[in-house]
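Hello,

Here is the structure I promised to pass along.

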Amino acid sequence: MDKKKLEQFKKKLESRQQELRKTVSRTEHDGRTVDDDSAQDVADRAASSYTKEFLFHQSNTERQTLQMVENALSRIREGSFGECVSCGNEINAKRLEAVPWTRHCIECQEKLEKGMLEEASH
């Protein structure tokens, strides 16, 4: 991959990283403050509990995406960005444009989703 294209992906990933860090922080704060009002009735507490659970689930998903973005930035630094971590083949440019933090080529991703491929650690 040429340096210009790699730099574009790096900027895109860094921008996404900043967005996710802000969102995770804000969502965690919102989750902590959901049931600050102790004078709630049972229905309010139930709604508050649901909201809190929803916010923590959302935060967890965003944290996972943030980890994938940070791993992609590490692969850029290491010089392995754009290579499938499973088979070593080059990941299609359109796939990288859509999901720049992806670790797998489309074939390996499909195998992974079908349970035919074990997830590599990092």
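Below is what turned up in it, from the whole chain down to single residues.

A word on the basis: this is a predicted model, in which local features need pLDDT of at least 70 and side-chain atom pairs count only at pLDDT 80 or more, while totals for chains, interfaces and linings use all residues. Residues are numbered from 1 along each chain as its sequence is written, and side-chain values use heavy atoms, with hydrogens and water left out.

The protein chain has 4 helices and 0 strands (DSSP runs numbered from the N terminus: H or I of at least four residues for helices, E of at least two for strands). Of its 122 residues, 31% count as buried (under 20% relative accessible area; exposed is over 50%, partly exposed in between, with a 1.4 Å probe and protein chains only).

Helix α2 covers residues 42–78 and spans 54 Å from first C-alpha to last, close to the 54 Å expected (1.5 Å times one less than its number of residues). Just after α2, Gly79 has a positive phi of about 90°. Phe54 sits in helix α2 and is partly exposed, at 46% relative accessible area. Its C-alpha lies 9.9 Å from that of Thr27, 27 residues away along the chain.

His104 belongs to the loop between α3 (93–98) and α4 (106–113). His104 is buried, with a relative accessible area of 2%. Beyond neighbours within four places in sequence, the contacts of His104 (heavy atoms within 4.5 Å) include Cys84, Arg95, Leu112 and Glu119.

Best wishes
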